[in-house]
Amino acid sequence: MRYGMLIDLSKCIGCAACVMACKVENGTLTGVYWCNVYTKEIGKYPRVKKRTMPSACMHCTNAPCVKACPTGASYHTEEGLVLVDYDKCIGCRVCLNACPYNARHYNFTDQRKNPYYEGMEMTPFEKVKNKNHPIGKAGKCILCKDRLNDGKKPACVQTCPTQCRIFGDLDEPNSEVSIAIRNNGAKPLYAHLGTKPSVYYIGSI
Ligand code: SF4
Ligand code: SF4
């Protein structure tokens, strides 16, 4: 079993529903986004186009962040997820530098006192979710592991209105995601780095 994903860029409309779904599901701290949608304009006016590319942790099989972590806090699960053990994390941020995908974040300062709007208290939802993001530790996409344990898809996959994400078991040759990767010649981002990501793209990176 190795969880992975295919993202079809030709279907992405840049609506950022995945970004919001991730934020709501994981309740990341103010200004921290585990899921991003990068945008780029190509061409010259008046013939311009906008390209969008969703990105998050690639859950690399050969993960530089895991190798770089001096305490063993960054680790692989049996299902191929790359996670952080907050009890072992010393907040050195070596992993942030090691990740070539800019997928890691550091939980700066006590944002519990600084919600989005000055002078406003955190909502009950924020109070509950913020406990999952201890200050002074490194964080990243956890592929919604609790949803996976409940047999659900990650929130970004579930929410995408154009269904540009296909999620499943990369080790199962007949899974929908494996077939789609094979049939479409999907490629991971920065394959030349040898990180062996578990996220693949089609539709031009
Ligand atoms: Fe680590 Fe970055 Fe790969 Fe995620 S994308 S596993 S944080 S190196
Ligand atoms: Fe490991 Fe934490 Fe340091 Fe990252 S910040 S390298 S997870 S100890």
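The following exercises, with worked solutions, concern a predicted model.

**Exercise 1.** Determine the strand order of the open sheet and identify which strands stand at its edges.

*Solution.* The open sheet is formed by 4 strands, and reading across it gives the order β8-β1-β10-β9. The pairing in this sheet is mixed. β8 (165-169) and β9 (187-188) each have a single partner strand, so one side of each is left without a neighbour in the sheet; these are the edge strands.

**Exercise 2.** Describe the pairing of β1 with β8, and state which residue of β8 is the bridge partner of Gly4.

*Solution.* Strand β1 covers residues 3-8 and pairs with β8 in the antiparallel sense. The two strands are joined over 5 bridges. In β8, Gly168 is the bridge partner of Gly4.

**Exercise 3.** Locate Tyr117, classify it as buried or exposed, and name the surface patch to which it belongs.

*Solution.* Tyr117 lies in the loop between β6 (105-106) and α4 (124-130). Its relative accessibility is 59%, and because exposed means over 50%, Tyr117 counts as exposed. Together with Tyr116 and Met120, Tyr117 forms a nonpolar patch on the surface, with about 370 Å² of accessible area for the three together.

How values were computed
Residues numbered from 1 in each chain as written. Chains lettered and ligands numbered in written order. Predicted model: local features only at pLDDT ≥ 70, side-chain atom pairs only at ≥ 80, totals over all residues. Heavy atoms only, no water. Patch = residues over 30% accessible without salt bridge, like charges linked within 9 Å, V, L, I, M, F, W, Y side chains within 5 Å. Areas by Shrake-Rupley, 256 points an atom, 1.4 Å probe, with all protein chains shown as cover. Salt bridge = Lys/Arg side-chain N within 4 Å of Asp/Glu carboxyl O. Buried < 20%, exposed > 50% of the residue type's maximum accessible area, 1.4 Å probe, protein only. Pairing = 2+ DSSP bridges.
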